[in-house]
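Here are some notes to read alongside the structure. Keep the view open and find each residue as it comes up.

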Amino acid sequence: LQRVGLSMHYLPLLAALAQAQPVDWPQGITTIDGSPPPQPLQGYCGTQKEDKETKKLRHAPSACAGAFKHWYADGSDPSLRACAERCLACRESGGACRYVSFSFDRTGAIDCALYAACNTRRLAKQPATYQTLDTQAIGRSASPPRPPPPPPAPSPLPPLPLGVPTTNAFGRPLELSPAQLERGLVHMGGAERLRRKVRLGQPVMIAAIGASNTVRGGCEARQGGKCAEARYTNHTEGRVGWLLEAFMGLNRSFPHAKNRLINRAQMATGPEAFSRCLNAYLPVEADAVVISFADMCKLGRSPTLPLQARYGLAVEGMVRTLLARPDPPAVVLFNHFSYRDWVCNSECRFVESCDAGLSEIARSYHVGTVSVRDALYHDASPFEAQNTAEDVRYMWDSWTQDTGKHFTLERGARIAAELLHSWFLRSVTASRPFAHPALRRTRSLYGNAPSAGTCFSFDDTFGGSISEPKVVSMVGWTKKLHEISQHGEKKLKPGLVATERGAKLVLDTAVGGSAVQVGYLLTARSHAVATLSCLYPCKCDHLKISSHTKAGTSTTAFTQPHALQLPASSGRATCLLSLVMNTDGERFKLVGLQVVDS
């Protein structure tokens with residue numbers, strides 16, 4: 001026999017072949033007369049010179065084919081029993097098979113030979129791994145049941161309604177060319193739920209989460225909270241936020257009186273503030289979710305992990321949470337034209353943005369990616385004497401503000417709206433199979449996803465889905481609603497503020513948990529330090545929190561999870577926390593609290 005290598009998976013089978021072993025016949029195979037089942041003989045039928053009584057099947061139905069060198073491609077394991085079942089199948093298809101000789105040795109040599117006749121008194125004894133079986137008395141008690149029919153294919157979605165605008169749904173001249181739109185739609189991702197509902201004429205809900213750029217994107221007045229302010233719901237020509245304008249375009253393309261936009265973004269707040277409790281921020285009714293934290297991007301230093309670990313882990317955790325829903329929404333990462341350092345003034349290298357890292361997450365989970373960088377990078381070239389008015393039109397400072405960190409409410413918002421609407425339109429009009437991967441990998445790209453928790457925020461409560469931290473008492477702390485940016489803009493950023501040494505705030509965690517994270521304003525304008533401790537009977541180490549950063553932009557930051565211990569004998573279900581100022585004349589602002597589930 002010619003030797004062929006086989007998987008170590010089969011080695012446990014080999015020990016049984018040194019001697020003829022009883023055959024473990026499967027259910028449904030019996031002897032015809034009810035006698036004990038046949039057992040194999042040592043040796044094999046074929047010899048170098050076959051005698052008159054041995055007839056190997058050479059011209060027979062395909063079901064009678066033997067196996068030499070390679071086993072059958074039917075998913076079965078190499079065994080005498082499987083070889084004998086081949087002989088039965090041969091007879092059932094009209095062949096004359098009666099005997100089988102089988103061998104599978106430690107070197108991987110494999111043979112299943114089928115014979116119409118065999119002189120069992122003259123079996124060849126070498127190689128010693130061969131066994132021969134007479135299958136004449138074996139039959140099947142009944143035909144195996146047919147597999148159930150496949151489930152009916154889902155009804156095809158109805159065609160798009162007539163008259164749907166497939167190009168310009170904005171009623172104004174477009175800022176971007178078809179080529180720019182094509183470049184900006186980096187990855188379409190899965191959008192089965194959104195496509196299904198639009199095609200069936202059902203209302204859709206678009207939800208968004210992000211930081212300042214997304215807050216500026218606008219919202220519907222019916223949402224309440226900050227959306228009651230005119231600057232977020234403004235429909236004036238040329239002053240509409242990009243998210244609101246994209247939604248309005250979608251509503252023109254696929255009108256329905258109950259289509260809704262939900263904007264749950266918060267100023268200067270990264271994904272870490274939402275990842276533990278995303279389902280509280282984003283309604284389960286959402287059919288599409290826009291995630292836009294690129295303006296809070298934090299690049300990593302590892303060549304294999306392009307995003308800073310906590311930032312990447314939080315964004316990836318959001319994607320995984322959304323895809324784990326029973327009927328997951330379409331998810332798109334909307335990546336703003338944001339770079340590590342805008343001092344480069346449009347000469348930033350293509351790879352210096354967070355797009356690469358965010359796109360890796362998107363491709364890993366088959367979600368959408370819209371990139372303003374990809375759409376305009378080669379058009380936003382540095383100013384040169386030979387540049388035309390068309391070239392200057394796409395220079396980064398013609399459609400961004402605040403040194404490139406935000407879209408302008410004129411051209412920048414229009415550019416972003418056109419890109420997002422184009423993604424909506426293609427997601428609905430193209431027919432693609434459901435392709436989101438099963439979330440079998442517990443370890444994600446950036447590590448284990450954050451455990452769930454309960455979030456409390458002094459920002460918008462979003463109709464009661466998010467509560468404010470539970471204040472028990474406060475001395476020297478006051479509530480402030482706004483912050484003034486370094487560019488003089490008044491930003492809505494509610495929180496509790498203290499500036500005097502010894503100012504004390506007592507909070508109740510309101511829910512039980514194993515750890516707590518404090519959300520505070522991180523700013524270059526203050527060197528304030530506050531100490532977090534636990535009040536009896538709850539126990540925890542003292543934690544000093546510094547509000548200072550060298551970064552020019554003030555942002556919301558969260559401490560690492562701080563362990564809590566509450567004895568079962570205490571009779572309490574929640575912990576009391578104390579936050580005391582250590583500095584004088586410096587401003588500390590508490591903006592939120594997260595309690596990690598036990």
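1. **A bridge to start from.** Asp508 has Leu576 as its bridge partner in strand S29. Keep in mind that this is a predicted model.

2. As background, strands of a sheet pair through backbone hydrogen bonds, and the pairing can be parallel or antiparallel.

3. The sulfur atoms of Cys538 and Cys575 are 1.9 Å apart, and the two residues form a disulfide. Where do the two cysteines sit? Cys538 is in the loop between strand S25 (529–535) and strand S26 (543–546). Cys575 is in the loop between strand S28 (562–563) and strand S29 (576–581).

4. Are its ends buried or exposed? Buried means under 20% relative accessible area. Cys538 has 5%, so it is buried. Cys575 has 4%, so it is buried as well.

5. **The wider set.** How many disulfides does the structure hold? It holds nine. In general terms, a disulfide is a covalent bond between the sulfur atoms of two cysteines. Two further examples follow.

6. **Cys87 and Cys97.** A disulfide joins these residues, with an S to S distance of 2.0 Å. Cys87 is in helix H2 (residues 80–92). Cys97 is in the loop between H2 and strand S5 (99–104). They are ten residues apart. The angle about the S-S bond is -115 degrees, and the link is left-handed. Cys87 is buried, at 0% relative accessible area. Cys97 is buried too, at 2%.

7. **Cys277 and Cys455.** This disulfide has an S to S distance of 1.7 Å. The torsion about the S-S bond is about -90 degrees, so the link is left-handed. Cys277 lies in the loop between strand S11 (260–263) and helix H8 (278–281). Cys455 lies in strand S19 (residues 453–457). The pair therefore ties together parts that are 178 residues apart in sequence. Cys277 counts as buried at 6% relative accessibility, and Cys455 counts as buried at 6%.

8. **One serine.** Finish with Ser292, in strand S12 (residues 288–292). Why does Ser292 count as buried? Its relative accessible area is 1%, so Ser292 is buried. Which residues does Ser292 touch, leaving out those up to four places away in sequence? They are Ile209, Gly210, Ala211, Thr214, Trp242 and Phe334.

Technical notes. Residues numbered from 1 in each chain as written. Predicted model: local features only at pLDDT ≥ 70, side-chain atom pairs only at ≥ 80, totals over all residues. Heavy atoms only, no water. Helix = DSSP H or I, 4+ residues; strand = E, 2+ residues; numbered from the N terminus. Buried < 20%, exposed > 50% of the residue type's maximum accessible area, 1.4 Å probe, protein only. Contact = heavy atoms within 4.5 Å. Disulfide = S-S within 2.5 Å. Pairing = 2+ DSSP bridges.
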